[in-house]
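Please work through each task before reading its solution.

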There are 2 protein chains.
Amino acid sequence: MGITTDIAKFAVSTSIEDLPANVLHEAKRDVINVIGCAVYSARDPSLRIILDVFAAEGGKPRASIWGTDRRVSLQQAALANGYTGHLEDYDDTHFPTVLHPSSPTVPAAYAVAEDLGLSGRQLLYATALGIELSCRVALAVHPWHYDEGWHITGTMGVFGPAIAAGLLLGLDQPKMVACLGIGGTQAAGVREVFGSMTKPFHAGRAAAAGLISAQLAAGGFTSTEQIFEGRRGVAAVLSAESDLSRITEGLGDRWEIFNNGLKPYACGVVNHPIIDACKALRARGVDAGAIESIEAEVHPLVPELVSIKDPKIGLEGKFSVYHCIAIGLRHGAAFPAQFSDAEAADPANTPIRHAVTLVKNESFEEDEAVVRLTLKDGTKLEERVEHATGAPQNPLTDAPLTEKFLELATPTLGESGAKALLDRLWRLDEAPNLSGVFANGA
Amino acid sequence: MGITTDIAKFAVSTSIEDLPANVLHEAKRDVINVIGCAVYSARDPSLRIILDVFAAEGGKPRASIWGTDRRVSLQQAALANGYTGHLEDYDDTHFPTVLHPSSPTVPAAYAVAEDLGLSGRQLLYATALGIELSCRVALAVHPWHYDEGWHITGTMGVFGPAIAAGLLLGLDQPKMVACLGIGGTQAAGVREVFGSMTKPFHAGRAAAAGLISAQLAAGGFTSTEQIFEGRRGVAAVLSAESDLSRITEGLGDRWEIFNNGLKPYACGVVNHPIIDACKALRARGVDAGAIESIEAEVHPLVPELVSIKDPKIGLEGKFSVYHCIAIGLRHGAAFPAQFSDAEAADPANTPIRHAVTLVKNESFEEDEAVVRLTLKDGTKLEERVEHATGAPQNPLTDAPLTEKFLELATPTLGESGAKALLDRLWRLDEAPNLSGVFANGA
């Protein structure tokens with residue numbers, strides 16, 4: 001039939017048993033990561049605006065808003081959790097396309113699984129396939145689509161929740177084809193809104209749009225059979241060029257989900273290799289007070305994008321390689337706490353920021369950096385990072401993912417609440433259903 | 001600031017008193033027309049699929065689904081009424097752009113007005129401005145946008161409900177700018193889904209998307225200030241070319257709402273001038289049984305698009321100029337009843353269909369036609385239509401709009417229910433609120 005049918009066929013004919021164990025584990029890591037981000041942002045005042053709309057709308061309390069005691073309708077949970085998942089831009093990144101697949105996919109899958117009493121393993125299965133296939137769809141239109149001004153998380157992101165929710169609702173192949181049609185035609189989101197609440201809204205809207213596509217398709221709603229490849233389909237209309245063969249290339253053998261990297265640091269990726277290097281130097285015992293001078297050899301995008309010398313507030317700190325070097329050497333971390341206003345204003349960072357000299361290296365990859373220290377006693381130390389943590393070549397491992405989750409969840413849930421939730425999430429594949437995961441208002 | 005601010009400023013600074021009486025009357029005609037379509041389609045089995053999703057979601061019963069006894073949340077009412085409004089493709093058409101502005105705009109405005117207890121006059125005011133401005137936005141990207149494969153009712157259609165709902169929610173200028181940003185980035189819908197339920201879903205989705213934009217903006221949600229004119233905004237990303245000056249050209253002096261035509265016949269517009277001519281011949285006393293031969297001189301698109309000679313089912317009848325000539329001459333009408341399966345199969349239509357000869361005229365406008373009859377007694381009769389009924393040059397007047405409404409609403413509400421509803425709708429500008437309009441399950 002065509003590529004749309006190929007996608008639907010792969011999705012509905014792949015069983016849990018067909019998925020390699022490491023793929024299911026990777027899906028679990030994606031779930032933990034995005035829930036950590038969402039729980040952290042559940043305290044953000046902007047969520048209240050969305051919750052007020054929900055309160056006026058009403059709805060059956062069938063699905064959790066992560067990190068709150070609110071239970072809302074499935075559509076509402078998908079929208080809210082997709083929003084908070086992406087709000088801090090700290091979720092994940094499919095490196096080949098800059099799609100953030102988990103914030104749209106996981107909230108839709110989670111809401112359906114929670115409502116229907118499905119197992120944690122089924123949630124991971126649907127998440128794995130939703131992320132896998134939405135990343136592949138994104139590949140087919142990248143880079144043209146993004147370069148034209150589309151926010152790919154809002155557009156191609158819709159296929160992840162459509163597929164994941166569709167699988168959990170038990171769609172057969174023709175209904176999955178319709179689900180892709182209903183979802184694909186809702187692809188939306190332009191980059192003009194970046195820097196406002198409407199950017200993370202794209203992820204929440206994609207989650208809800210994908211979910212309703214599956215809900216409608218389950219009831220027999222009709223759509224096109226060629227949403228991707230059709231003459232007026234998504235590839236033709238939303239991208240100057242496309243290569244649909246990338247969707248199915250090695251499908252089932254090579255898993256694109258491993259190219260989805262979990263962000264270790266709460267700032268733009270250009271700073272990541274430098275923070276890695278500073279963290280490593282600190283781990284080698286370097287005392288920040290003993291540093292005489294710092295040379296950072298970096299990709300040319302670094303001075304272009306993150307060159308604020310003396311950030312005054314936390315948000316500016318994210319756009320300051322100097323601040324990132326200081327917190328990396330002083331704290332060995334770059335969580336949201338290290339980008340607080342208090343940390344940005346801490347005078348202890350100033351001498352370190354001022355000791356830095358940037359050296360551009362045109363031959364570097366974007367995730368490559370070298371940091372060279374000269375200590376006051378004359379000692380010279382060097383740390384070279386070839387691939388930043390979180391890149392496909394150097395994935396964030398389970399230990400720092402645990403650390404990241406606890407750092408994010410603790411301010412919202414308290415230390416014991418965060419630890420208990422994380423424990424339940426790591427054991428998701430054993431959970432007969434999701435009813436206890438967010439128990440007790442967590 | 002820019003065109004987005006210009007639009008918001010015009011919307012929020014135009015009061016009810018600023019609107020000419022004929023503009024408010026035109027808005028009322030648009031409301032009556034789209035409600036008639038929605039009430040007719042409220043019996044369509046596909047609406048049940050949507051209602052089942054709503055039932056699972058739940059919601060406060062604060063707004064009516066027209067033509068049913070269901071009350072649902074505002075978002076749900078906007079989605080359902082937008083869907084049924086456009087389902088038969090019998091609503092309205094902004095002739096310069098093929099935007100169908102009422103199906104997205106009126107459901108959102110109606111839901112807010114109904115919920116807040118606002119007057120009928122306020123509904124008409126918000127509707128007038130929503131339609132006016134969404135038609136103007138559509139003008140700015142037409143024809144490029146549609147030619148690229150976008151369904152303009154799903155995309156630019158979102159601005160009508162955003163503006164109308166935003167006005168009724170009392171947004172100030174900065175919030176209306178944000179509302180346009182949240183709405184505009186949700187513009188979606190490709191033509192690949194035409195011929196399926198997903199096409200009218202575009203209108204419902206646009207209604208709900210516009211509505212939530214206004215709801216979020218009212219709560220302080222932030223967005224871009226340049227959703228149209230920005231480098232990554234709607235005009236640049238969703239259209240190869242654009243002319244933003246068309247949005248504000250003559251704004252407040254020349255009213256684009258008058259270029260929105262109400263469809264007199266339940267089929268594609270290419271058949272409309274021919275039906276007009278046949279209806280006129282019938283009114284002159286022609287007996288269908290007395291006809292020997294028929295020559296129809298038509299635009300070249302007619303043989304290309306509507307050339308089914310012997311339609312067997314009602315849907316085929318819509319794509320048969322031969323059937324349209326037969327029902328025009330026999331019934332003087334082209335309501336849904338004349339496109340029923342029974343009518344398509346009625347043998348009384350066969351001799352008329354077979355008596356027709358088509359003559360293409362390359363110089364004709366699309367809404368132009370001549371029909372020449374030769375009767376069995378040798379009499380020759382001719383009827384020339386320069387602009388089909390429903391075109392801006394020949395608007396559907398209030399009397400045939402009344403007839404259309406009753407034809408559409410009667411099967412759902414019964415004769416007295418339909419008449420009573422129509423009476424209340426014609427007196428909308430006197431209604432202190434909308435609570436009685438759809439009373440008693442109507």
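**Exercise 1.** What distance separates the centres of domain 1 of chain A and domain 2 of chain A, taken over C-alpha atoms?

*Solution.* The model is a predicted one. Begin with the bounds: the domain assignment of chain A gives domain 1 as 3-264 + 395-430, and domain 2 as 269-385. Taken over C-alpha atoms, the centres of these two domains of chain A are 33 Å apart. Next, consider their contact, to which domain 1 of chain A gives five residues and domain 2 of chain A four residues. On the side of domain 1 of chain A that touches domain 2, two residues are nonpolar, one is polar and two are charged.

**Exercise 2.** Determine which element gives the largest share of the side of chain A that touches chain B.

*Solution.* First, 47 residues of chain A are in contact with 47 residues of chain B. Several helices of chain A give two or more residues to this side, including H3 (45-57), H4 (74-87) and H11 (198-218). The largest share, six residues, belongs to H11(A). By class, this side of chain A holds 18 nonpolar, 21 polar and eight charged residues.

**Exercise 3.** Identify the relation between chain A and chain B.

*Solution.* Chain A is superposed on chain B by a rotation of 179° with a shift of 0.1 Å along its axis, at an RMSD of 0.1 Å. This is the relation of a two-fold axis. Within chain A, Gly59(A) has the C-alpha nearest the axis, at 1.9 Å. Finally, 100% of the interface residues of chain A are also interface residues in chain B, so the copies meet through the same surface.

Terms used:
Residues numbered from 1 in each chain as written. Chains lettered and ligands numbered in written order. Predicted model: local features only at pLDDT ≥ 70, side-chain atom pairs only at ≥ 80, totals over all residues. Contact = placed C-beta atoms within 7 Å. Helix = DSSP H or I, 4+ residues; strand = E, 2+ residues; numbered from the N terminus. Nonpolar A, V, L, I, M, F, W, Y, C, P; charged D, E, K, R; others polar. Domains from an automatic or database assignment. Least-squares fit on C-alpha atoms with pLDDT ≥ 70 in both.
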